[in-house]
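User: I'd like to learn how to read the features of a fold. Can we walk through one together?

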Amino acid sequence: MASVNKVILIGNLGADPEVRYTSNGQAVTELRMATSEQWTDKDGQRQERTEWHAVSVWGKTAELCGQHLAKGRQVYVEGRLESREYTDKEGVKRKVWEVRADKVTFLGGSKRDEERPSASDAVWMGQGPPKVADRVRSNPPFSKPSTPDDSDPIPF
């Protein structure tokens, strides 16, 4: 019988990513990620529960996470649940479960975006987003040059 081991999380980082390298030079980044759920209990009181997840990211994606993610950033993670055993400093055997990420998507702003206003901040400050005319090139690369002999009313 087939089985499925698939984890999908959307949440916020509770700490800056920790990037390390294995003895053969492969990057490994540890993410501490929080997901929250809210509900109203039977007494009408609003409740919230936060779950913390350990996420490991490997290879080039791990390096990118270390460069572009920071505490508080929202991320989407797809991967699988893995367990591993280790012996702690006191000699006690421990078992932990973590998500081994296959895909990480950065949501929200980047580290640089925190230093400058976003388009929505600009609207709030009364500047508004750039006008379409400001974003269009004066000479699009694939437009047909118009000539006086053109009788076609559509110039492209």
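Predicted model: local features only at pLDDT ≥ 70, side-chain atom pairs only at ≥ 80, totals over all residues.

User: Then how many residues lie between β2 and β3 in their hairpin?

Analyst: Five, and Gly 25 in that turn has a positive phi of about 90°. The strands themselves, β2 (residues 18-21) and β3 (residues 27-40), run antiparallel with four bridges. Val 19 sits opposite Thr 29 in β3.

User: Which residue has a positive phi in the turn of the β5 and β6 hairpin?

Analyst: Gly 91, at about 85°, with five residues again separating β5 from β6. Their antiparallel pairing has 13 bridges, and Tyr 76 faces Thr 105 in β6. On β5 (residues 74-87) there is also an antiparallel pairing with β1 (residues 7-13), over six bridges; here Asn 12 stands opposite Gln 74.

User: Now the helix: which residues of α1 are buried?

Analyst: General idea first: an α-helix has 3.6 residues a turn, so residues three or four places apart point the same way. Buried means under 20% relative accessible area, exposed over 50%, partly exposed in between (1.4 Å probe, protein chains only). In α1 (residues 59-68), the buried ones are Gly 59, Ala 62 and Cys 65. Viewed down the axis of α1, they fall within an arc of 90° (taken from the directions from the helix axis to the C-beta atoms), so they line one face of the helix. Their cover includes β2, β3, β4 (46-58) and β6 (93-106).

User: And why does Ala 101 count as buried?

Analyst: Because its relative accessibility is 11%. Ala 101 belongs to β6. Taking contact as heavy atoms within 4.5 Å, and skipping residues up to four places away in sequence, Ala 101 touches Val 55, Ser 56, Val 57, Val 77, Glu 78 and Gly 79. The C-alpha atoms of Ala 101 and Ser 56 are 6.0 Å apart, with 45 residues separating the two along the chain.

How values were computed: Residues numbered from 1 in each chain as written. Heavy atoms only, no water. Pairing = 2+ DSSP bridges. Helix = DSSP H or I, 4+ residues; strand = E, 2+ residues; numbered from the N terminus.
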